[in-house]
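Here is a short report on one protein chain. Look at the model first, then read on.

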Amino acid sequence: MTARSQGTPNRPPHDRSETATWEPLIASYDDALRLAGKSPHTRSAYRRDLQSLAALHPGLSPPKLTAQHVRQSMARLHAKGQAGRSLARTLSAWRGFFDWLIEQESPSANPCHGIRPPKSPKTLPKALPVDTTCALLDAPTDPEDSLAQRDKAMFELLYSSGLRLSELTGLNLADLDLAEGLLTAHGKGNKTRILPIGRQARLALEGWLAIRPAVAGEHAVFTGKSGRRLSGRQVEKRLEQWAQRQGSDRHVHPHMLRHSFASHLLQSSGDLRAVQDLLGHANLSTTQIYTSLDFQHLAKVYDAAHPRARLGENNNPPHDDEA
């Protein structure tokens with residue numbers, strides 16, 4: 001008598017039917033999203049996310065998934081290299097699907113509720129090296145070109161005082177005290193702070209203000225040909241063009257000069273509290289990200305200078321940059 005005829009148990013056939021229930025449910029959910037006005041791109045992404053969940057738990061129908069299954073799925077996708085932001089979108093798609101299922105009276109609870117995706121590591125702000133920054137700002141300008149003189153003053157000030165873009169464009173003539181080398185910046189939450197103006201920035205400002213168009217009722221420091229206050233987008237475009245003319249191979253934006261200000265100042269002084277005050281950060285934790293940049297700089301100096309930092313040339317592998 002065979003094992004089958006003796007009644008030896010095999011995998012229940014309903015496992016395969018339960019797996020098959022994913023596709024019609026996903027299709028029905030997709031129809032609901034279409035009727036709700038979701039774009040084809042969004043619907044396609046949601047379908048992929050739900051199909052990946054089904055593939056991670058073969059043999060389980062959607063109503064039988066638990067919060068533990070969802071956590072396992074998040075962990076497995078994270079282990080495969082899926083970033084935190086992408087996992088957040090995936091979890092959102094799953095959560096929406098189960099909310100819809102509950103409206104169809106199955107299951108009774110959403111297994112995605114209360115679950116958070118893994119966080120992505122914070123990306124470090126991009127700062128220019130000191131020599132690159134100086135080369136950018138020292139680019140020669142035509143003294144007859146008023147817009148070039150204005151641009152130089154703007155970029156020198158961004159780097160000299162670590163201004164936000166909105167603080168730069170919001171500057172008024174009354175905010176400047178060139179005799180004392182100070183300015184008043186109007187930051188987030190209507191908070192003001194007094195900042196020093198470096199020597200090069202002061203000289204550039206004096207040159208610009210001497211030729212700045214005088215327009216009645218307009219008190220902005222940085223104006224266009226019409227005399228109206230410049231917008232942040234206009235400053236961004238001018239800096240991008242300025243960097244391209246200097247042959248820069250990277251996208252330079254105003255906030256990069258602020259990052260460079262903070263990083264270079266921290267490298268020189270090591271005074272995190274002072275950098276916090278100059279940047280106008282409410283919390284020291286916001287400023288501490290620049291310590292990562294500082295440590296990167298110190299590590300490069302150590303690798304280049306310390307006699308025991310570099311690996312031997314005989315039987316040790318070289319650094320990546322030597323290979």
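## A buried glutamate

E156 has a relative accessibility of 5%, so this residue counts as buried. Here buried means under 20% relative accessible area, exposed means over 50%, and partly exposed lies in between (1.4 Å probe, protein chains only). E156 sits in helix α7, residues 146-161. Helices (H or I, at least four residues) and strands (E, at least two) are DSSP runs, numbered from the N terminus. Leaving aside neighbours within four places in sequence, E156 is in contact with L137, Q200, A201 and A204. Contact means heavy atoms within 4.5 Å.

The model is predicted: local features need pLDDT of at least 70, side-chain atom pairs count only at pLDDT 80 or more, and totals for chains, interfaces and linings use all residues. Residues are numbered from 1 along each chain as its sequence is written, and side-chain values use heavy atoms, with hydrogens and water left out.

## The whole chain

The chain has 14 helices and three strands. Of its 323 residues, 37% count as buried. Take the contacts between residues at least 6 apart in sequence: 57% of them join residues at least 24 apart.

## Two nonpolar cores

A nonpolar core is a set of buried Ala, Val, Leu, Ile, Met, Phe, Trp, Tyr and Cys residues joined through side-chain atoms within 4.5 Å. In soluble globular proteins, nonpolar side chains tend to be buried together. The largest core here holds 40 residues; F155, L157, L163, L183, L205 and F222 touch the most other members. Which helix gives the most to this core? Helix α7 does, with six residues. F155 is in contact with L137, V235, R238, L239, W242 and L257, leaving aside neighbours within four places in sequence. A second, separate core has 23 residues, including L50, L56, L77 and L91.

## Helix α2

Helix α2 covers residues 22-35. At 1.5 Å a residue, its 14 residues should span 20 Å, and its end C-alpha atoms are 20 Å apart, which agrees. The expected span is 1.5 Å times one less than the number of residues. W22, I26, Y29, D30 and L33 are buried in α2. Seen down the axis, these buried residues fall within an arc of 105°, so they line one face of the helix. The arc is that of the directions from the helix axis to the C-beta atoms. Just after α2, G37 takes a positive phi of about 90°.

## The sheet

Three strands form an open sheet in the order β1-β2-β3, with antiparallel pairing. β1 and β3 stand at the edges, each with a single partner strand, so one side of each is left without a neighbour in the sheet. Two strands pair if DSSP finds at least two bridges between them.

| Pair | Bridges | Residues standing opposite |
|---|---|---|
| β1 and β2 | two | D177 and L182 |
| β2 and β3 | five | H186 and T192 |

Five residues lie between β2 and β3 in their hairpin, where G189 takes a positive phi near 65°. Along β3 the side chains alternate.

## Cysteines

How many disulfides does the count come to? The count is zero. A disulfide is taken as a pair of cysteine sulfur atoms within 2.5 Å. C112 has 0% relative accessibility, so C112 counts as buried. C134 is partly exposed, with a relative accessible area of 35%.
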